[in-house]
2 protein chains.
Amino acid sequence: MRKVVIYAPGDVRVEESERPTVAKPTDAVIRVSAACVCGSDLWQYRGAEPVGDPHPMGHEYVGVVEEVGADVRTIRPGQFVVGSFFASDNTCEICRAGYPSRCVNLEYVGAGGAQAEYLRVPLADGTLVATPELPDDDLIPSLLTASDVLGTGWFGAVAAQAGPGRTVAVVGDGAVGLLGVLAARHLGAERIIAMSRHVPRQKLALEFGATDIVTERGDDGVARIRELTGGLGAHSVIEAVGTQESMMQAIRATRSGGHVGVVGVAHDVALPGDEVFYSAVHLHGGPAPVRRFLPDLVDLIVRREIEPGKVFDLDLPLDRAADGYRAMDERRAIKALLRP
Amino acid sequence: MRKVVIYAPGDVRVEESERPTVAKPTDAVIRVSAACVCGSDLWQYRGAEPVGDPHPMGHEYVGVVEEVGADVRTIRPGQFVVGSFFASDNTCEICRAGYPSRCVNLEYVGAGGAQAEYLRVPLADGTLVATPELPDDDLIPSLLTASDVLGTGWFGAVAAQAGPGRTVAVVGDGAVGLLGVLAARHLGAERIIAMSRHVPRQKLALEFGATDIVTERGDDGVARIRELTGGLGAHSVIEAVGTQESMMQAIRATRSGGHVGVVGVAHDVALPGDEVFYSAVHLHGGPAPVRRFLPDLVDLIVRREIEPGKVFDLDLPLDRAADGYRAMDERRAIKALLRP
């Protein structure tokens, strides 16, 4: 089968490889219907994180179950499934408390590489959610977002306590930030301020439910958010970037007692203790517990209540994965879908 | 009148000074019945924070109202009152959301120095809470704790979401940490682990409701907490110190999805973004919104349901304030009460 392998910054290739098999009795192997390139894949692609040895890429996937291990009980061959990028047992105390992305038996599904024709998914019963029936083709992009970016944006909005009566600001206009807007809207937020200076992304933010666009960044962005909120700051801020500047922008744009939902993976960030202390905000985030939200998100998508798949503005055959990485790196595309 | 003034690290003096007067129509002036030395006063006393020009000290107080300004409506001369170290209007949006310590009209009551015979309290209606009648003398130490350390420990426990079914760990065995134990007990926590290596403080922690004592610190302390919690960490951790070591100890001792209540004023702390992110804990804290809790705390004390005044193990006339500072600096006393 074919899969995407990264060799060095800027160098991703589609190669022939062994098809994965059931390695543990709790595994499933799926035939991937669609995968995609994640903003977090770009850290290595841009050389901002070490690549190390050549290794497969991709951790977002939807597909049809080919084979399951002897201990798999609820997932069956032939089902169409969505799963989180982290495999979780969904039964441990941490999973039951809502944090499957920190499961005591956690495994990274992306280790095998989801940008491929087939993928081994560990802990299949805990990790995968099947759709009621085989979905229409046009639902596949939206279902694919549930594997990571939608669930991550959703967690950002939940962690930021977006809801009725609240003003929510979103730092970051990548797919996660944009889907944070969609989540905040669905959760009933009164006002949603998207921080973006890119016209196509502003347009999508407005389509997803943003009420205001702020183009300023850093301290100017903070000043603008305060202006829009009677000097107090937003009740809820979703941080969907992960840099020092974006983290401080998020904290400073939040009113005292407000909530920052942090879903941008932190890179070289050091939070000044005194500023965090005196801000009196709530900080919560981490690798999104996507599995917690998956059943509801799949349901909303299948009932066509939300269309998060709009974040894909590039649709490529798997063989052209390198073009997808390049387009996202150059910010010509918000998110690239790859079809094996 | 007499008041305490700090001149330099280790140099606090009791001096004659002008008696404060009503400066704004929303002020009250109170005759201080009791004041005390705060752990945070020690930062300057120890030279860990600059002293600057000589200035009055103390921000914890109870007393009898002498005089009120023309606009004061609910507070009357002759009432016995407790107030927070921050004056707040208790009507702005931030106050109403529960964060009077970040009130848009915030003033620091300690500016005038509460370790004194008289104290000017700004925004008297918003800041002060009167007891139903003049309290018995033996209640005065407990009422005094409500002005800061009890309210701060309480906020730590609330921010850490201490409650039924939860294991709470407390980092720091000063008065705030010990009263965090008392608060966690009152809020119904199942298990309360006090981290302390000082026998008299361990004893008081047990009296206040601790179920376990951990004497190890830093990474060893974290390992011990994990041992006691099935490898997962505590649900709730109260951070009541404010150093880099204590903050990291608190974060690392908390399970994924758990809550850290941060009430130690951060000094030279930088939180590593990636570790905070992957910990997936909730972080919340800041200058405690004591005024939020004051009516309930005063009520619990007057009804003799809690006795937080036990944290005072040194009771001195105001003139011997320097002895109180010295005893706390040398950790011979947990907390020194000063009687003008």
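How much area do chain B and chain A bury between them, and what share of it is on carbon and sulfur atoms? I looked this up before anything else. The two chains bury about 2700 Å² between them, with 68% of it on carbon and sulfur atoms. Buried area here is the accessible area (1.4 Å probe) that two parts lose on being put together, summed over both.

**Ground rules.** I note that this is a predicted model, where local features need pLDDT of at least 70, side-chain atom pairs count only at pLDDT 80 or more, and totals for chains, interfaces and linings use all residues. Residues are numbered from 1 along each chain as its sequence is written, chains are lettered from A and ligands numbered from 1 in the order in which they are written, and side-chain values use heavy atoms, with hydrogens and water left out.

**Interface.** I looked up the contacts next (heavy atoms within 4.5 Å). On chain B, 31 residues touch 31 residues of chain A.

I then looked up salt bridges (a side-chain nitrogen of Lys or Arg within 4 Å of a carboxyl oxygen of Asp or Glu). The rule finds two across this interface. In one of them, Arg255(A) meets Glu93(B) at 2.9 Å, N to O.

Which elements of chain B supply at least two residues each to the side that touches chain A? I found helix H2 (93-96), strand S15 (254-262), strand S16 (270-272), helix H10 (273-279) and strand S17 (282-285). Helices (H or I, at least four residues) and strands (E, at least two) are DSSP runs, numbered from the N terminus. The residues on this side of chain B are 18 nonpolar, nine polar and four charged. Nonpolar means Ala, Val, Leu, Ile, Met, Phe, Trp, Tyr, Cys and Pro; charged means Asp, Glu, Lys and Arg; the others, Gly among them, are polar.

**Strands across the chains.** Strand pairing needs at least two DSSP bridges. S17(A), residues 282-285, is joined to S17(B) by three bridges, and the two run antiparallel. His284(A) has His282(B) as its bridge partner.

The same surface serves both: 100% of the contact residues of chain B recur in chain A.

**A sheet in chain A.** I found an open sheet of three strands in the order S2-S1-S4, with antiparallel pairing. S2 (11-16) and S4 (55-56) are its edge strands. Strand S1(A), residues 2-8, pairs with S4(A) over two bridges. Ile6(A) stands opposite His55(A) there.
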